[in-house]
Amino acid sequence: QVQLVESGGGWVQPGGSLTLSCAASGSWLSILSISNMAWYRQAPGKQRELVADISKFAGTTNYADSVKGRFTTSRDNAKNTVYLQMNSLKPEDTAVYYCNFRSIKGYDYWGQGTQVTVSS
């Protein structure tokens, strides 16, 4: 089993920045089996959507069109941690952000979620 702990959410004014972190702990075999890490978000009344993902080994990234050029995801495999740097934040970025680690067999682990609020 893998436990994911997120941190870094909060309130920020439009145009501001936040960095989210998600650290994995637990079974080293399960952590070893992780092949992809991702960030999702869910705004009130909306479906959860993929924001960004990154492959564990190659570091290949993908971003939703709505965040391209503003958000950057990265990982530190030695620390079993994935990050989401969010710049030029907009009110429409307000949501609960979840990290996701997926194993090579397709099993999903989820963080508890962290609230990001962008408002003036």
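Q: How many bridges join β3 to β8, and do they run parallel or antiparallel?
A: This is a predicted model. In it β3 and β8 run antiparallel, and six bridges join them.

Q: Which residue in β8 is the bridge partner of Cys-22?
A: Val-82 is the partner of Cys-22 there.

Q: And what order do the strands of that sheet come in?
A: The order is β1-β3-β8-β7, four strands in an open sheet with antiparallel pairing.

Q: Which ones are the edge strands?
A: β1, residues 2-7, and β7, residues 71-76; each of them pairs on one side only.

Q: By how much are neighbouring strands turned against each other?
A: On average by 15°, with direction ignored.

Q: Back to β7. How many bridges does β7 make with β8?
A: Six, in the antiparallel sense, with β8 covering residues 81-86.

Q: What stands opposite Phe-71?
A: Met-86, which belongs to β8.

Q: How many residues lie between the strands in the hairpin of β7 and β8?
A: Four residues lie between them. Asn-80 in this hairpin takes a positive phi, near 50°.

Q: Changing topic: how many disulfides are there?
A: The count is one disulfide. Cys-22 and Cys-99 form it, and their sulfur atoms are 2.0 Å apart.

Q: Where in the chain do those two cysteines sit?
A: Cys-22 is in β3 (residues 18-26) and Cys-99 is in β9 (residues 95-103). The pair links distant parts of the chain, the two cysteines being 77 residues apart.

Q: What is the hand of the link between Cys-22 and Cys-99?
A: Right-handed, with 50° about the S-S bond.

Q: Are Cys-22 and Cys-99 buried or exposed?
A: Both Cys-22 and Cys-99 are buried. The cut-off for that is under 20% relative accessible area.

Q: Now cavities. How many are there of 30 Å³ or more?
A: The count is one cavity of 30 Å³ or more.

Q: How much space lies in the largest cavity?
A: About 50 Å³.

Q: Which residues line the largest cavity?
A: Ile-31, Ile-34, Met-37, Lys-56, Asn-77, Asn-80, Thr-81 and Phe-101 line it. Asn-80 is also the hairpin residue with the positive phi.

Q: How does that lining divide into nonpolar, polar and charged?
A: The lining of the largest cavity has four nonpolar residues, three polar and one charged.

Methods
Residues are numbered from 1 along each chain as its sequence is written. This is a predicted model: local features need pLDDT of at least 70, side-chain atom pairs count only at pLDDT 80 or more; totals for chains, interfaces and linings use all residues. Side-chain values use heavy atoms; hydrogens and water are left out. Two strands pair if DSSP finds at least two bridges between them. Axes are lines fitted to C-alpha atoms, for helices over the stretch in contact, and angles run from 0 to 180 degrees between N-to-C directions. On a 1 Å grid over the protein atoms alone, a cavity is a set of points where a 1.4 Å probe fits but cannot get out, and a pocket is an open set with protein on both sides within 12 Å along at least five of seven lines; lining residues have an atom within 4 Å of a point. Grid points are joined across faces, edges and corners, and a volume is the space filled by probe spheres set on the points. Ala, Val, Leu, Ile, Met, Phe, Trp, Tyr, Cys and Pro count as nonpolar, Asp, Glu, Lys and Arg as charged, and the others, Gly among them, as polar. A disulfide is a pair of cysteine sulfur atoms within 2.5 Å. Buried means under 20% relative accessible area, exposed over 50%, partly exposed in between (1.4 Å probe, protein chains only).
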